[in-house]
Amino acid sequence: MPFLFSFLRLLAVVMALLAVPTIALAQAAEDAFTRLGADSFSDTARAIDILVQSAHPNAAVVIEALADGRLLAGGGAVAVKTKEGGFLDARTGQALTAAPAGLNAVRLNNNVRRVIQGALGGLGLINPDPGKRVAAAEAVFRARDVSVLPVLEAAIAKETDNRARRALREAQAAILIAKTDAPPFDRIAAVDVLRERGDQDALATLRALPGDASPGLKEAQARAIAEIEGKLALWRAGQNLWYGLSLGSVLLLAAIGLAITFGVMGVINMAHGEMVMLGAYTTFIVQEVIRARFPGLFDWSLAIAIPAAFIVAGAVGVAIERGVIRFLYGRPLETLLATWGISLILQQAVRTAFGPTNREVGAPAFMSGAFELGGLAITWNRLWIIVFAALVFAALLAILKLTPMGLQMRAVTQNRRMASAMGIRTGRIDALTFGLGSGVAGLAGVALSQIDNVSPNLGQSYIIDSFMVVVFGGVGNLWGTLISAMSLGVANKLLEPYAGAVLGKIALLVFIILFIQKRPRGLFALKGRAVEA
Amino acid sequence: MITRFLLSNMDKRGYAFLAIVAAIGLLVPLANLLMPAGSPLHVSTATMSLWGKYLCYALLAISLDLVWGYCGILSLGHGAFFALGGYAMGMYLMRQIGSRGVYGNPVLPDFMVFLNWQELPWYWYGFSSFPFAMLMVLAVPGLLAFVFGWFAFRSRVTGVYLSIITQALTYALLLAFFRNDMGFGGNNGLTDFKDILGFNVQAQGTRAALFAMTCVMLISGFLIARGIVTSKLGKVVIAIRDAESRTRFLGYRVDRFKLFVFTVSACMAGVAGALYVPQVGIINPSEFAPANSIETVIWVAVGGRGSLVGAALGAVVVNWAKTVFTSGFMAPYWLFALGALFVFVTLFMPKGILGTAQGWWESRKRPAPVPAPEPAPAE
Amino acid sequence: MNAPTPGALTSSLLYLDGVSVSFDGFKAIRGLSLTIEPGEMRAIIGPNGAGKTTMMDIITGKTRPDEGTVMFGGSVDLTRLDEAAIANLGIGRKFQKPTVFDFHTIEDNILLALKSKRSVLKTLFWQTESQQQKRIDEILGIIKLTDKRERLAGSLSHGQKQWLEIGMLLAQDPKLLLVDEPAAGMTDGETAQTAVLLKEIAKDHSVIVVEHDMGFIRELGVKVTVLHEGSVLAEGPLDQVSANERVVEVYLGR
């Protein structure tokens, strides 16, 4: 009987595809509507199959409504409740003036849902839009409804679009591999198709192979699973590496200003994190102004915030240097305490002005969303932050290497007294250096406003990490800071899957504490007698 | 020999400090227990516990002054030793709860029952014994300081680098203690204590005894620290602070001296933490927050570093000010005041209250002072 | 003449052979060889950058040489020891810039330097014995600071600090003293007195003096070693050395 039935169905489908409406098909459709009113799961499932095969003009509408629980039936009548709340006659598709009385929603169970999935897929497979066909094939792939197989095979035969053809083949493979009565050769070929697809779904499908499989099939399956797992592990590692680089670039942004102030002036600026916070709040204010006055410029808000944040944080930095730090040169530990005090004041000032809660900084269109690159999911904001960090780094390097101010800064780093004797106004260089370092922290704030909560505590959460980056990288060397930030970021993210986020972080802290014992001046330290002085 | 070690070279200021603390330790509990509630001489239990907390902080400040003021090691992680001592005490108090917890488990503290733990982790063994717990109050912070210092001082990590890695140390511990599976109550820490040595922790008499005990430990801590800094070892330690490599060329093993002072100081901080916990009623991971350790530094700076009495005074003054400030309409401005205090003290009062007052007093007595040396380099 | 026979190796107090060290590619010391006999006083001169201070750093363990032998007392390899161990062996050092403990009294400065056990526990429970107190008083007399013993060392004048440091060296009672520019920044009178003091010390100690002041060296009247670019250029009595053409060339320029 099943054979006969399949044959009939195949016949029906082929005829449906040929778009030859017949009386028999019309009768079949009528049978389906009767079954929908029978309030039995198996009848409902059958009705769906029949609707698909009969290519009833309302099939898609009816089945979709069924899936959403909007299909009402009772006493021979079947009605569709539209999404807007109106009602249609399921048979004719004509609008009904009043809600039909005495009808109940057709009930679903998991089996029916699965059949619906396959049916919707089956219906989509013959859609004129290739994109829709791919989506339908994906649906079939997941539903793995054997009854769609004939439709699928017919669709494959006349498919011309390459992408859709591959999707259809994959869907076919997903059904065949589980179909115990399919020819063994086809099933092994199906394994290959899935292996080539190589994603998580393919893996799940392969794993669901029924127990009846022949040794040859099992072997093919095992090989395919191993290969996909290997490939997926590689992609996962790649994804973690990407997260690591992303974290590294955030660390770099947060730490590089500190590296400059610490490197040139030997000053530990505990208020550095608050400079980052000020940058983030500047971004917030810029956006508020743009939202209120120039909504059309919203996509440019970050570009406008960048110089604003640099100037605000830089100016505060210069003020701190001139007002407090310059009286404390040669007393690094006192500087540390005084700047900590300043950080408390700045935090509380922002808390008073903007409230203690998080402020919303929006993302411009070009920074929202994500795309896939192979097996990697890449969000635009992370990508832009990496680009931004690279630009800031390059700009700083250029300032230090190419400008007269950079030359003077390097001179002061290496030998403050000699530089002073050469006529360099070290006080002015100190103020500018501090302003530059703080301004860069402000830039970091612009970037962080896109991925973190803008709150008065923003800076606090980055200050210790920034110190670790600077200390690990070695003082007075921007490349050291770069390598340090990236390696700490990547190590953190690579450790996370094994140790968890917190333990991974603890492990890194302990590592750095131990590392400092071995190389008290970091990875890339200045050597020689000059340092000892 | 011990008496001589503790009391030799005691100056007037030291005796005054001892007398005041001893008087407070005696009179406050008496005023709390014997005076009727309406009497002007009555000290409420809440006030007494509050001042008990200040005195614990004073002991912590003395311990920090020992390493910073005398040895030039600016530890930004002393809160970690304080918290570890506190946790050791907290573990004892948790074990004393017995089956009176919410879940009534005779062995496991409530939070372990809540997390579905089946048995007590091995590191909780022994904490039901008071002597063992007290040993741990000293041993855990001491051991951590010893191991950490042994690595750091041997490889000559000094100055801001040392400060930063001590900060990293307490930060790492903060993260670790926040984790539930560490077995220290995670986020909530240890609380709901019932008994200490069989006495109810909430009872007035127990509170008074704890207060008196805090004074006793403060006096002991002061005497030990004083004994150390006035001994020849203290002179070596100050020499290390002012000219480390010169001291080395005189044949002193600088790392060992630093290690000794650092470890003693950590033990002292642990004791302060242990006294703090039963009076406050809770210990949680926030005690490890780096900000707490830095605040401790400012107490010492305010009072006058390099002076043990000054450190204790600074702790009490700053915390008293904090209580006054944060309980009134000025509350939102406390952080401004604290921040300004950091800046003001480092800029204008490098010797702290006590040092500045002393300098002013001496300049009045002697119109033409000897030229004072430059302020001590901090490294 | 500075390649010693194997027999001299055991008898000399300090023995440097083929010592080289470089910082970031710059060779501060190259193939330096030098021996000091017990009880000898030696003056070392040389233009700036000749490696005088680096040589002292190597002897006292502050800098490790890249290659070469540094032996003390004929058998102890100094390159394996740290500063404290070398100091305890009996090598004392006075720095170019006077380094005393500013926040200690003059007496405490001497006490800290006084030869004694340096362990943590010994210093914690230290009691100054009367014999040691006598020695401290004696040294204070020698360096003429007896009446200032209670003053903080930071309040001393430059010359007095130099003397205090020499006093600290005496208190250490080392077998070998390394004295870096003891007369720098002193008046002529003080310089002369310092020379007398050093000659007094040299009676029962070996001394290496690094100095620029030729008058001072002449007053000491000892064998002179001239360093140039990290190795020995000439060695001998001052008159002989100062007649050496190469020395003149180095000092006066080419």
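## Where chains A and B meet

In this predicted model, 34 residues of chain A are in contact with 39 residues of chain B. Four helices of chain B each supply at least two residues to the side that touches chain A: helix 6 (130-154), helix 7, helix 12 (290-303) and helix 14 (334-348). Helix 7 of chain B gives the largest share, with 13 residues. By class, this side of chain B has 30 nonpolar residues, six polar ones and three charged ones.

Which helix of chain A packs with helix 7 of chain B? Helix 19 (residues 460-473) of chain A does. The axes of the two helices are 10 Å apart, and the angle is about 135 degrees. Angles over 145 degrees count as roughly antiparallel, and 65 to 115 as roughly perpendicular. Helix 19 of chain A and helix 7 of chain B are therefore oblique to each other. Their crossing is left-handed.

Several residues meet here. From helix 19 of chain A come A:Ile464, A:Phe467, A:Met468 and A:Val471. From helix 7 of chain B come B:Tyr161, B:Ile164, B:Gln167, B:Ala168 and B:Tyr171. Of the residues in this contact, eight are nonpolar, one is polar and none is charged.

### A sheet in chain A

Chain A has an open sheet of five strands. The strand order is 4-3-2-1-5, and the pairing is antiparallel. Which strands stand at the edges? Strand 4 (95-96) and strand 5 (104-105) of chain A do. Each has a single partner strand, so one side of each is left without a neighbour in the sheet.

Strand 2 (residues 77-81) and strand 3 (residues 87-89) of chain A run antiparallel and are joined by three bridges. A:Ala79 stands opposite A:Asp89, which is in strand 3 of chain A. A helix also lies across part of the sheet. Helix 4 (residues 59-68) of chain A lies across strand 1 (71-74) and strand 2 of chain A. Helix 4 of chain A runs at about 75 degrees to strand 2 of chain A.

### Confidence in chain A

The average pLDDT of chain A is 83, and 92% of the residues score at least 70.

Over residues 527-533 of chain A, pLDDT stays under 50. For this stretch the model has eight contacts beyond four places in sequence.

Terms used
Residues numbered from 1 in each chain as written. Chains lettered and ligands numbered in written order. Predicted model: local features only at pLDDT ≥ 70, side-chain atom pairs only at ≥ 80, totals over all residues. Pairing = 2+ DSSP bridges. Contact = placed C-beta atoms within 7 Å. Axes fitted to C-alpha atoms, helices over the stretch in contact; angles between N-to-C directions. Parallel < 35°, antiparallel > 145°, perpendicular 65-115°, else oblique. Left-handed = near helix turned anticlockwise from the far one by under 90°. Nonpolar A, V, L, I, M, F, W, Y, C, P; charged D, E, K, R; others polar. pLDDT = per-residue confidence, 0-100.
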